[in-house]
Amino acid sequence: MESGAKEEGKVLGYNSKKVKKVAILSTLAALLDDPILADVPKKPSLSDVDTLINLELGSAMCISIFKLDGTSFDVAVMNSATVKDLKLAIKKKVIELEQSKMGHRHISWRHVWANFCLAHHNGKLLDDDAALHDFGVRNNSQVHFLPYVVSKGSGRHSKRRKHHFFHGLSKLS
């Protein structure tokens, strides 16, 4: 009789865990559908929730990002964020927006950052380690993309060298 009660308890415990998980997921889905929480991503990470809480408390800022096609979106970053943190927030937001619209779509962020830069009041945000407040970026600031070509002096885009593997053979003939 005791072993039957233990087995029944295990089954009820399993079912109750499963029921709790379903209840939590349905509650989370209902909360995320609430218009007040419209800025929370559909599958929020702990850092997303933490940043949004800090935004409400005033220790984070909301920045409007304007793309070249005229559309914009908002990202939230901490007040102490760097340009790199902003780029990561933009990447995460764009991937989320693209997946909600068109499903999985690959974006080459190396290409994006090699050909475009972020700007705030005509100041280019080029140093990834610089704090955003050094450029004057504050809460509700507007940052936009600009076309950007790296100059030859920096060495990143150098002229391709031709490798002549068989240059010695032509002299022999």
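Ile 65 stands opposite Phe 73 in S2. This is a predicted model, in which local features need pLDDT of at least 70 and side-chain atom pairs count only at pLDDT 80 or more, while totals for chains, interfaces and linings use all residues. Residues are numbered from 1 along each chain as its sequence is written, and side-chain values use heavy atoms, with hydrogens and water left out.

**The chain as a whole**

- The chain holds 5 helices and 5 strands; helices (H or I, at least four residues) and strands (E, at least two) are DSSP runs, numbered from the N terminus.
- Read from the N terminus, the order of elements is α-α-β-β-α-α-β-β-β-α.
- Of the 173 residues, 24% count as buried (buried is under 20% relative accessible area, exposed over 50%, partly exposed in between, with a 1.4 Å probe and protein chains only).
- Among contacts with a separation of 6 or more, 51% come from residues 24 or more positions apart; a contact means heavy atoms within 4.5 Å.

**The sheet**

- Strands of a sheet pair through backbone hydrogen bonds, either parallel or antiparallel.
- Here 5 strands form an open sheet with mixed pairing, in the order S2-S1-S5-S3-S4; two strands count as paired if DSSP finds at least two bridges between them.
- Strand S2 (72-78) and S4 are at the edges with a single partner strand each, so one side of each has no neighbour in the sheet.
- From one strand to the next, the twist averages 40 degrees (axes are lines fitted to C-alpha atoms, for helices over the stretch in contact, and angles run from 0 to 180 degrees between N-to-C directions).
- S1 and S2 run antiparallel and are joined by 7 bridges.
- These two strands, S1 and S2, form a hairpin with 5 residues between them, and Gly 70 in the turn has a positive phi of about 95 degrees.
- Strand S1 (residues 60-66) also pairs with S5, in the parallel sense, over 3 bridges; Val 143 in S5 is the bridge partner of Ile 65.

**Helix H3**

- H3 lies across S1, S2, strand S3 (116-120), S4 and S5, and runs at about 135 degrees to S2.
- The 20 residues of H3 should span 28 Å at 1.5 Å a residue, and the end C-alpha atoms are 28 Å apart, which agrees; the expected span is 1.5 Å times one less than the number of residues.
- Val 83, Leu 86, Lys 87, Ala 89, Ile 90, Val 94 and Glu 98 are buried in H3.
- Seen down the axis of H3, the buried residues fall within an arc of 160 degrees, so they line one face of the helix (the arc is that of the directions from the helix axis to the C-beta atoms).
- These buried residues pack against S1, S2, helix H4 (109-115), S3, S4 and S5.
- Gly 103 follows H3 and has a positive phi, near 80 degrees.

**The salt bridge**

- Side chains of opposite charge can pair when their charged atoms come close.
- The count is 1 salt bridge, defined as a side-chain nitrogen of Lys or Arg within 4 Å of a carboxyl oxygen of Asp or Glu.
- Lys 87 and Asp 128 form the salt bridge through their side chains, at 2.9 Å from N to O.
- The pair links distant parts of the chain, 41 residues apart: Lys 87 is in helix H3 (residues 83-102), and Asp 128 is in the loop between strand S4 (123-125) and strand S5 (142-147).
- Lys 87 counts as buried at 15% relative accessibility, while Asp 128, at 29%, counts as partly exposed.
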